Amino acid sequence: MKLLRQTHTQVLRTGIIGFELQKLGKFKDASDSYQRAVDLGASDASVYVNLGIIHKKIGNVDEALKNLNMALEIQPSNIAAIKSKMALLFEFQRWDEALDWIDYALRWDPGSADEHNLLKLSLLKNLYNGVHGKE
């Protein structure tokens with residue numbers, strides 16, 4: 001029981017350190033700290049969301065998606081994970097997947113329908129322009 005409590009405390013501590021480093025823009029150090037939390041058995045979706053956001057910022061799309069997917073596996077309704085995954089797919093022009101995730105986001109966050117519909121319109125415009133060779 002005591003060991004479990006110590007491990008939980010270590011996970012919290014490394015997650016908090018990761019968050020503080022992330023705020024300071026020290027993404028590599030933040031990534032290392034979050035990864036330590038994961039290695040210690042973190043089961044909080046926010047650790048994976050933050051790790052995904054950091055990997056996105058440093059251009060590591062596959063790792064970003066892996067961590068965002070893990071966050072969504074833990075908590076399918078995690079709006080931060082959903083929006084981060086949508087933004088990642090949109091930014092890297094993975095249009096079909098982005099459209100699917102906009103619809104998924106509407107299921108969990110219907111209050112943001114206007115925001116999601118604007119994203120969908122922008123995405124469809126990008127798709128149209130890509131098909132028709134327009135900028």
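# Reading helix packing and salt bridges

Modeller: Let's start with one side chain: Lys-23 counts as exposed, because its relative accessibility is 55%. Bear in mind that this is a predicted model.

Colleague: Okay. Which residue does Lys-23 form a salt bridge with, and how far apart are the closest N and O atoms?

Modeller: A salt bridge here needs a side-chain nitrogen of Lys or Arg within 4 Å of a carboxyl oxygen of Asp or Glu. For Lys-23 the partner is Glu-20, and the closest N and O atoms are 3.4 Å apart. The two residues are three apart in helix 1 (residues 2–23), so about one helical turn separates them. Glu-20 counts as partly exposed, because its relative accessibility is 37%.

Colleague: How many salt bridges does a search of the whole structure find?

Modeller: Five. One of them joins Lys-66 to Glu-63, again with 3.4 Å between the closest N and O atoms. Both sit in helix 4 (residues 61–74), three residues apart, which is about one turn of the helix. Glu-63 has a relative accessible area of 24%, so it is partly exposed. Another pairs Arg-94 with Glu-97, with the closest N and O atoms 2.8 Å apart. Here Arg-94 is partly exposed at 29% relative accessible area, and Glu-97 is partly exposed at 33%.

Colleague: Let me zoom out. How many helices and strands does the protein chain have?

Modeller: Seven helices and zero strands. Read from the N terminus, the elements go α-α-α-α-α-α-α. Of the chain's 135 residues, 36% count as buried. For contacts between residues at least 6 apart in sequence, 43% join residues at least 24 apart.

Colleague: Now helix packing. What two quantities describe a pair of packed helices?

Modeller: The angle between their axes and the distance between those axes. Take helix 2 (residues 27–39) and helix 3 (residues 45–57): their packing angle is about 150°, and their axes are 10 Å apart.

Colleague: And how are helix 2 and helix 3 oriented to each other, roughly parallel or roughly antiparallel?

Modeller: Angles over 145 degrees count as roughly antiparallel, so helix 2 and helix 3 are roughly antiparallel to each other. The crossing of helix 2 past helix 3 is left-handed.

Colleague: Which residues of helix 2 and helix 3 meet?

Modeller: On the helix 2 side you'll find Phe-27, Ala-30, Ser-31, Tyr-34, Gln-35, Ala-37 and Val-38. On the helix 3 side they meet Val-47, Tyr-48, Asn-50, Leu-51, Ile-54, His-55 and Lys-57. Sorted by class, that contact has nine nonpolar, four polar and one charged residues.

Notes
Residues are numbered from 1 along each chain as its sequence is written. This is a predicted model: local features need pLDDT of at least 70, side-chain atom pairs count only at pLDDT 80 or more; totals for chains, interfaces and linings use all residues. Side-chain values use heavy atoms; hydrogens and water are left out. Axes are lines fitted to C-alpha atoms, for helices over the stretch in contact, and angles run from 0 to 180 degrees between N-to-C directions. Helices (H or I, at least four residues) and strands (E, at least two) are DSSP runs, numbered from the N terminus. Angles under 35 degrees count as roughly parallel, over 145 as roughly antiparallel, 65 to 115 as roughly perpendicular and the rest as oblique. A crossing is left-handed if the near helix is turned anticlockwise from the far one by less than a right angle, and right-handed if clockwise. Contact means heavy atoms within 4.5 Å. Ala, Val, Leu, Ile, Met, Phe, Trp, Tyr, Cys and Pro count as nonpolar, Asp, Glu, Lys and Arg as charged, and the others, Gly among them, as polar. Buried means under 20% relative accessible area, exposed over 50%, partly exposed in between (1.4 Å probe, protein chains only).
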